[in-house]
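This report covers nonpolar cores, helix packing and aromatic pairs. Please keep the sequence and the model at hand while reading.

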Amino acid sequence: MRHWLTARLPAVLLCWLLAPMASAAQYAVIVPGNSTLTQRFVDTLGTALPDATLVTLSLGEAIPVGTDAVITMGRSSLDDRLSRSDALPTLATYITGESLQDYPQAGRRFHSLLANPKPARQVALARLLVPGARRMGILISTSTRNQLSEWQLAAERSAAKLVSVDVTPEDNLTRQLVDIITDSDILLGTDDSQIYNADNLKSILLTSYSRNKVLIGPSAPFIQAGSLSTTYSTPDDMARSAAALLSRGLPDSGTTYPQYFSVLSNAQVARSLGIPLPDDATLASRLAELEQAQ
């Protein structure tokens, strides 16, 4: 057996030397500007893709020859990317489901890694924090009506009922709020700028908490303002999620929620409402376990 191996080694070595070397992937990242967030995203992406070459581009800068896919960050980067005529596949990050309606994807290899929280995670978070919640209220406008079926499915899989109310600019938001809060155990916020904006937030929070109901979401910036808790993706989470997509093979179209995520909560709101609040890392770990078990 030893002689056979010795005889085979030169041939095996020759085949290995003559075989074409697999080239490492090259990705171009179009950033909207230099910031701590963009630098952290690019750095973590590079760490998560150790065998790939990353090229960071400013808006309008030419995409290098040999690029396999383009990654954008936010709307200005995506606008810049879609103004070009090449057919390179694109991974758009930091895009919300609401803003995605402004980007027709016909004829483009364009996949979106959404910035807004995954509905199933928000529902699961609500159930962890308020286990008795069986009726979950949600306000919907024309901007987010296409997301309603996903929220309904998430609630059903969590053995809860989704109670939704359509809101139009002509409606009295306070009256709509009272109706939905009266008919539900908890309020789920959506990435809907027509409803969840600086003008409406105070009314939403005061109306909810005056009736001892909590608001989950809609995003991390709302937590300090008085929302109870939300899932969200840090730059590290988004970069690792982007790397996982690229490693598996980027789909030509469609949307994906980040695989990696964190939790941010408002301890003061929890205390005022008498809600036991685990630390955010524990909540994130528990949610990840629930997703893996599905």
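## Nonpolar cores

Which residues in the largest nonpolar core touch the most other members? Of its 28 residues, they are Leu125, Met136, Leu162, Ile186, Leu188, Ile216 and Leu228. At least two residues of this core come from each of helix 4 (119-129), strand 6 (135-140), helix 5 (148-157), strand 8 (186-188), helix 10 (267-273) and helix 11 (280-293). Another core lies apart from it and has 19 residues, including Leu45, Ala69, Ala239 and Ala243. A nonpolar core is a set of buried Ala, Val, Leu, Ile, Met, Phe, Trp, Tyr and Cys residues joined through side-chain atoms within 4.5 Å. Buried means under 20% relative accessible area, exposed over 50% and partly exposed in between, with a 1.4 Å probe and protein chains only. Helices (H or I, at least four residues) and strands (E, at least two) are DSSP runs numbered from the N terminus.

The model is predicted: local features need pLDDT of at least 70, side-chain atom pairs count only at pLDDT 80 or more, and totals for chains, interfaces and linings use all residues. Residues are numbered from 1 along each chain as its sequence is written, and side-chain values use heavy atoms, with hydrogens and water left out.

Helix 2 (residues 36-48) has 13 residues and should span 18 Å at 1.5 Å a residue, which agrees with the 18 Å between its end C-alpha atoms. The expected span is 1.5 Å times one less than the number of residues. Thr38, Phe41, Val42, Thr44 and Leu45 are buried in helix 2. Packed against the buried residues of this helix are strand 1 (26-30), strand 2 (53-57), strand 3 (69-73), strand 4 (90-95) and helix 9 (235-248); contact means heavy atoms within 4.5 Å.

In helix 3 (residues 74-82), the buried residues are Gly74, Ser77, Leu78, Asp80 and Arg81. Their arc around the axis is only 160°, which puts them on the same side of helix 3. The arc is taken from the directions from the helix axis to the C-beta atoms. Strand 1, strand 3, strand 4 and strand 5 (110-114) are among the elements covering these residues.

## Aromatic pairs

There are 2 aromatic pairs in the structure. Rings of Phe, Tyr and Trp (its six-membered ring) pair if their centres lie within 6.5 Å; planes under 30 degrees apart count as stacked, over 60 as edge-to-face and the rest as tilted. Phe41 and Tyr94 are edge-to-face, because their ring centres are 6.0 Å apart and their planes stand at 65°. Phe41 belongs to helix 2 and Tyr94 to strand 4, so this pair ties together parts 53 residues apart in sequence. Phe41 has a relative accessible area of 0%.

Tyr196 and Phe222 are also edge-to-face, with centres 6.3 Å apart and planes at 90°.
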